[in-house]
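Let's take a walk through this protein model, one piece at a time. Keep the picture open and turn it as you read.

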Amino acid sequence: MKQRIPLIAFVGTTPNIGTTTAAFAAAYRMAEASGLHIGYLCLHLKSAKLHRYLGIKEPQSTLDKLRPELQSGSLTTGRLKSAMHVVEGRGNLRVLFGNVVRDQAEFFTPEEAEHLIHIAGQTFEVLFMDVSAYWDNAATVCALRLASTRIVVTTGALSHFQEDGRRWITQISPLFGLTAAQYNTVIIEPPWGRGGYRMKDICKEMGTVKLGEMQMTKDTFIHLDSGKLGQWLGEDQVGRTAMKKPAQQLMEQYGIRTLAPAFKLQPWYRKLLSHRNEARS
């Protein structure tokens, strides 16, 4: 199956370290900077939480609601778009929330995952995929195999990048035809300190390539818990820069242009125009 658009997959070395936040922030930044129509697939089958982070307690459309079309191979671009959430304040970014029927997660097949990714690839200009840290499901394996860019998210904690990182990325990936060198790395910097390990050390340990870092603060968690991830990315002093540099690097990699900044009239210029119009009348 060939895809002509960027397929960017995020996977964490360890659950609950901020992978979804980093993945969504990267998609948000690219949508903000490029103006392209960007799709985001939450492919978590047992721990989907992005809908909560965006303030939607009971989403009407989720991955599991598309199972009939995925099983029959009949999903269309129109049906997919109608099942996706349009991010507030960022109309060119649509999100498919993950599976919320957790007892059905084991029945999600590789054929269903591939069909979903194929149709999403026809629907958008760039596709982001956020998958589980565990490689025991079809969504994680298929998304990472099909991705054109793979981003592994970890932290400076030794148990995250040395134990989990090496065992998943270095040992398991080759079973599916992937090498550690095919992964870019994003480091999550938590508010309680980064520890003694630098990006260079972490990438050397896992055999991956550096991409960037994302700083998280106490306010980040407050925004996540209150369903205001979008506001954190758009308004918070730290949030406004979250994943900005990594997203820019991805845009450069794929030759995606940055939109020219919109021209805004300064208050003094507005007054000048107002006075001129009054004089003419």
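Start at Thr21, which sits in helix H1, residues 19-34. Helices here are DSSP runs of H or I with at least four residues, strands are runs of E with at least two, and both are numbered from the N terminus. Before going on, know that this is a predicted model, where local features need pLDDT of at least 70 and side-chain atom pairs count only at pLDDT 80 or more, while totals for chains, interfaces and linings use all residues. Residues are numbered from 1 along each chain as its sequence is written, and side-chain values use heavy atoms, with hydrogens and water left out.

Is Thr21 buried or exposed? Thr21 is buried, with a relative accessible area of 3%. (Buried means under 20% relative accessible area, exposed means over 50%, and partly exposed is in between, using a 1.4 Å probe and protein chains only.) Skip its neighbours within four places in sequence, and Thr21 still has contacts with Met214, Met216, Leu224, Leu229 and Trp232; a contact here means heavy atoms within 4.5 Å.

From first C-alpha to last, H1 reaches 22 Å, close to the 22 Å expected at 1.5 Å a residue. That expected span is 1.5 Å times one less than the number of residues. Just after H1 comes Gly35, with a positive phi of about 75 degrees.

Now look for rings in H1. Phe24 and Tyr28 are four residues apart there, about one turn of the helix. An α-helix has 3.6 residues a turn, so residues three or four places apart point the same way. Phe24 and Tyr28 make a tilted aromatic pair, 6.2 Å centre to centre with 50 degrees between the planes. (Rings of Phe, Tyr and Trp, using the six-membered ring for Trp, pair if their centres lie within 6.5 Å; planes under 30 degrees apart count as stacked, over 60 as edge-to-face and the rest as tilted.) Phe24 is buried at 0% relative accessible area, and Tyr28 is buried at 5%. Together with Tyr40, they form one aromatic cluster.

Next, find strand E6, residues 149-155, where seven of the seven residues are buried. Both faces are covered, with Thr149, Ile151, Val153 and Thr155 on one side and Arg150, Val152 and Thr154 on the other. What runs alongside? Strand E1, residues 7-12, runs parallel to E6 and is joined to it by five bridges; two strands pair if DSSP finds at least two bridges between them. Here Ala9 stands opposite Arg150. E6 also pairs in the parallel sense with strand E7, residues 183-189, over six bridges, and Ile151 stands opposite Asn184.

E6, helix H7 (residues 158-172) and E7 make a right-handed β-α-β unit. Right-handed means that, with the strands pointing away from the viewer, the path from the first strand over the helix to the second runs clockwise.

Finally, the nonpolar cores: sets of buried Ala, Val, Leu, Ile, Met, Phe, Trp, Tyr and Cys residues joined through side-chain atoms within 4.5 Å. In the largest, with 45 residues, Leu41, Leu43, Leu80, Leu96, Leu116 and Met129 touch the most other members. Helix H6 (138-146) is one of the elements that each supply at least two residues, and H6 gives the most, with six. A second, separate core of 42 residues includes Ile38, Ala48, Phe97 and Ile151.
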